[in-house]
Amino acid sequence: MRFSQFVGILSCTTAAFISIGPIQVEAATFKVISGVTSIAHDHEDILRNIGLTLTGTNHTVAPIPSNYLVGFNIDSATNFTFSDEGGFTPIAGTIEHTGTVTFNDQITVGDFSIGFAPGRTVKDASGLVLKDTFSLNTILFDLSTPGLVTFDGQTLTIPDVKLLISPEFASILGEPNLTGLFAGTARIDAEVAAVPEPNSVLATLVAGAALLATRFYTQKIKCS
């Protein structure tokens, strides 16, 4: 096959692909890649009322906003994805963190993981939970539906998330009646990246191949 014929076929293929796959405005998928999850001071005050006094932190970061109590860095192991449909719709995965806190100089928890846990029974819970992966390896808090989520395509802010004491944590504390108790406020400030859709990847490959073929053909004419 002559090169000019190849270019013609490729051009027709590209045109056909575009004609059968018109550009549509659809919901896009994004992945959390970095950021900070912060805990407000009300968390410390409420836990103190049930006998848990914050006595130390390790590998934590500055909270956002600065008047919050403590921040936990979002780790690169995070694979949490969401759609911008309706503004913010969680899809799957977890948000992983580094950093620990110690209570009463005895209990250290941290390296928290935020993710989905089906079948939760805590009232007003969203289905998302905060799990300690450092020592207890259990769910500490069920998370409420957040306040007004903001997303501009690059940064995601999830404010006013209520921490509700989980049945598991209440059992560890020996106080089952604490289940569902409001235990403070959390906030997530994250940097995100778009997740390429399969169709968009294919379109990019086809367009790139067509451009490359055209450049080779142009160079061939110049050298003839």
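User: How many bridges join E1 to E14, and how do they run?
Analyst: 10 bridges join E1 to E14, and the two strands run antiparallel. Strands here are DSSP runs of at least two residues (E), helices are runs of at least four (H or I), and both are numbered from the N terminus. Two strands count as paired if DSSP finds at least two bridges between them.

User: Before I go on, what kind of model is this, and what are the cut-offs?
Analyst: This is a predicted model: local features need pLDDT of at least 70, side-chain atom pairs count only at pLDDT 80 or more, and totals for chains, interfaces and linings use all residues. Residues are numbered from 1 along each chain as its sequence is written, and side-chain values use heavy atoms, with hydrogens and water left out.

User: Fine. Which residue in E14 is the bridge partner of Ile39?
Analyst: Ala186 is the bridge partner of Ile39 in E14.

User: What about E1 and E3?
Analyst: E1 pairs with strand E3, residues 70–74, in the antiparallel sense over 4 bridges. Ser38 stands opposite Gly71 in E3.

User: And E1 with E4?
Analyst: Also antiparallel, over 3 bridges, with strand E4 covering residues 81–83. Thr29 has Ser83 as its bridge partner there.

User: Why is E1 largely enclosed by the rest of the structure?
Analyst: Because 8 of the 11 residues of strand E1 (residues 29–39) are buried. Buried means under 20% relative accessible area, exposed means over 50%, and partly exposed is in between, with a 1.4 Å probe and protein chains only.

User: Core next. Which residues have the most contacts inside the largest nonpolar core?
Analyst: Val32, Phe82 and Phe141, in a core of 36 residues. A nonpolar core is a set of buried Ala, Val, Leu, Ile, Met, Phe, Trp, Tyr and Cys residues joined through side-chain atoms within 4.5 Å.

User: What does Phe82 touch?
Analyst: Leaving out residues up to four places away in sequence, Phe82 touches several residues, among them Phe30, Val32, Phe88, Ile91, Phe151, Leu156 and Val192. Contact means heavy atoms within 4.5 Å.

User: Switching to the open sheet. What is the strand order?
Analyst: The order is E2-E7-E8, an open sheet of 3 strands with antiparallel pairing. Strand E2 (54–58) and strand E8 (107–110) are at the edges, each with a single partner strand, so one side of each has no neighbour in the sheet. The twist averages 20 degrees from one strand to the next; axes are lines fitted to C-alpha atoms, for helices over the stretch in contact, and angles run from 0 to 180 degrees between N-to-C directions.

User: How many bridges join E2 to E7?
Analyst: 4 bridges, antiparallel, with E7 at residues 100–103. Gly56 has Thr102 as its bridge partner in E7.

User: Salt bridges now. How many does the structure hold?
Analyst: 5 salt bridges. The term means a side-chain nitrogen of Lys or Arg within 4 Å of a carboxyl oxygen of Asp or Glu.

User: What does Arg48 pair with?
Analyst: Arg48 forms a salt bridge with Glu44, the closest N and O atoms being 3.6 Å apart. Asp45 and Arg48 also meet in a salt bridge, at 3.3 Å from N to O. Arg48 and Glu44 are 4 residues apart in helix H2 (residues 41–49), so about one helical turn separates them. Asp45 and Arg48 are 3 residues apart in that helix, also about one turn.

User: Where do Arg120 and Glu168 sit?
Analyst: Their side chains meet in a salt bridge of 2.8 Å, N to O. The pair links distant parts of the chain, 48 residues apart: Arg120 is in the loop between strand E9 (113–116) and strand E10 (125–132), Glu168 in helix H3. Arg120 is partly exposed at 24%, and so is Glu168 at 26%.

User: Last one. Which side chain makes a polar contact with Thr157?
Analyst: The side chain of Asp189, at 3.4 Å. A polar contact is a pair of N or O atoms within 3.5 Å; within protein, one must be able to donate a hydrogen and the other to accept it, and residues adjacent in sequence count only if both atoms are side-chain atoms. Thr157 is in strand E13 (residues 155–165) and is buried, at 17% relative accessible area.
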